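Here's a quick tour of one protein model for anyone new to reading structures. Have a look at the picture first, then work through the points below.

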Amino acid sequence: MRMNWRALLSRLPFRVRLAAAISGLFLLAGIALLALVVLLARYGTAQQVEGLSVTYGDAPSGPATPSEPVRPAQPEGTTSAPSGVALIQKIDQTVQAVQDTALRQMVLWSAVAILVMALLAGLLGWWLAGRALRPVASMTEAARRISEQNLHQRLALTGPDDELHRLADTFDTMLDRLERAFESQRRFVANASHELKTPLAAQRTTLQVGLADPLPESLADVREDLLTTNREAEQLINALLLLARSDGGLDETESVDLTATARLVTAELTPQASAHGVHIDLCADTPLVVHGDGVLLRHLLTNLMRNAIQYNHPGGQVCVRLDVATVTVTNTGSRVPAELVPGLFEPFRRLDADRTATTGHGLGLSIASSIAEAHHATLTARPGVEGGLAVALRFP
């Protein structure tokens, strides 16, 4: 049972636990104070009652001491002891009753007052906890907004040099290291890709010019293989350059008509789809205009549609549908396990299922995902009911 209470308390928000702790501490302090007051009041009234004296009849002119009460004159042959004792007992009972009643009333109203004050202390603790945790809430919101696209942002918490300020400074220092690491990676990819394009272009020119004369059949096959390998390497480098550019974010944006872009991409990829026996069905009656980089968005649609054509079977179909804020690309093909779908957006990840083309480096969906993130859009995928994949691009 104790563990259940601990588990329940651990699930409560920190603000609730802090307010409850303040209210509980106030309640315990009030109960202890009330108990002390009751004990002192009972002891004090008992002492006062013991010091009281009772007089009968006319008192003498001189002061009467508590130890020697003044006794009234009695007629001869009579005694008043019994009536005096009864009177004293009655007074004692009356005083005790008054004392008990006063204590009960004091305890009752004090308990009510303590409960009310404990409730007010809990509300005050809730307010104080909110004020104390406000910098933490600001830090949380800022941390949520910061991603690899805007690592230049910082918390920049102001105020006294306390624990929260030191935590924010530590977080900003970590962001500095992450920003430098990401920038170094992007520069490396971009520089390496640029450096590799020049020798590849020279190799392709050498192969085309140096082996242009009629060659034996064996050497002709070797030339074609070398040219194919050269073209694939150049496509890979171009894909890496595009990935590095999209990871770097957007420098300038403009209004882009994705409906018109989808029609252009469909016209470009129709020959490739026809060569593999795949039919493209475009439904782009709804205008879709977004702010972004027109070149990158065109590459995004191209990669999605090319991926749908490539991972398909002869006689298959690709359906491209645009609505107010979403672009959906679905295709036919073999079934895709749901647990493998998230890994398709990682670079150089490909399924071993049948596909219509043998080229490609597994960068299509990763590039599309990077461009989508640069445009603050979400790219998700799910397996089709009858096979294939359904990829949805949603703009905010």
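Which residue just after α8 takes a positive phi? That's H376, with a phi of about 60 degrees. Before going on, keep in mind that this is a predicted model, where local features need pLDDT of at least 70, side-chain atom pairs count only at pLDDT 80 or more, and totals for chains, interfaces and linings use all residues. Residues are numbered from 1 along each chain as its sequence is written, and side-chain values use heavy atoms, with hydrogens and water left out.

- Helices here are DSSP runs of H or I with at least four residues, strands are runs of E with at least two, and both are numbered from the N terminus.
- H376 sits in the loop between α8 and β6, and its positive phi comes in a residue other than glycine.
- H376 is exposed, at 64% relative accessible area; exposed means over 50%, with partly exposed in between that and buried.

**The open sheet**
- Five strands make an open sheet in the order β2-β4-β5-β7-β6, with mixed pairing; two strands pair if DSSP finds at least two bridges between them.
- At the edges are β2 (279-283) and β6 (378-383), each pairing on one side only.
- From one strand to the next, the twist averages 15 degrees.
- β4 (residues 317-322) and β5 (residues 326-331) pair in the antiparallel sense over five bridges, and V327 in β5 is the bridge partner of L322.
- Helix α7 (residues 294-310) lies across β2, β4, β5, β6 and β7 (389-394), running at about 20 degrees to β5.
- That angle is taken between N-to-C directions on a scale from 0 to 180 degrees, using axes fitted to C-alpha atoms, for helices over the stretch in contact.

**H291 in strand β3**
- H291 is found in β3 (residues 289-292) and is exposed, with a relative accessible area of 59%.
- Leaving out residues up to four places away in sequence, H291 touches T253, E254, S255 and H375; contact means heavy atoms within 4.5 Å.
- The C-alpha atoms of H291 and E252 are 9.5 Å apart, though 39 residues separate them along the chain.

How values were computed:
Buried means under 20% relative accessible area, exposed over 50%, partly exposed in between (1.4 Å probe, protein chains only).
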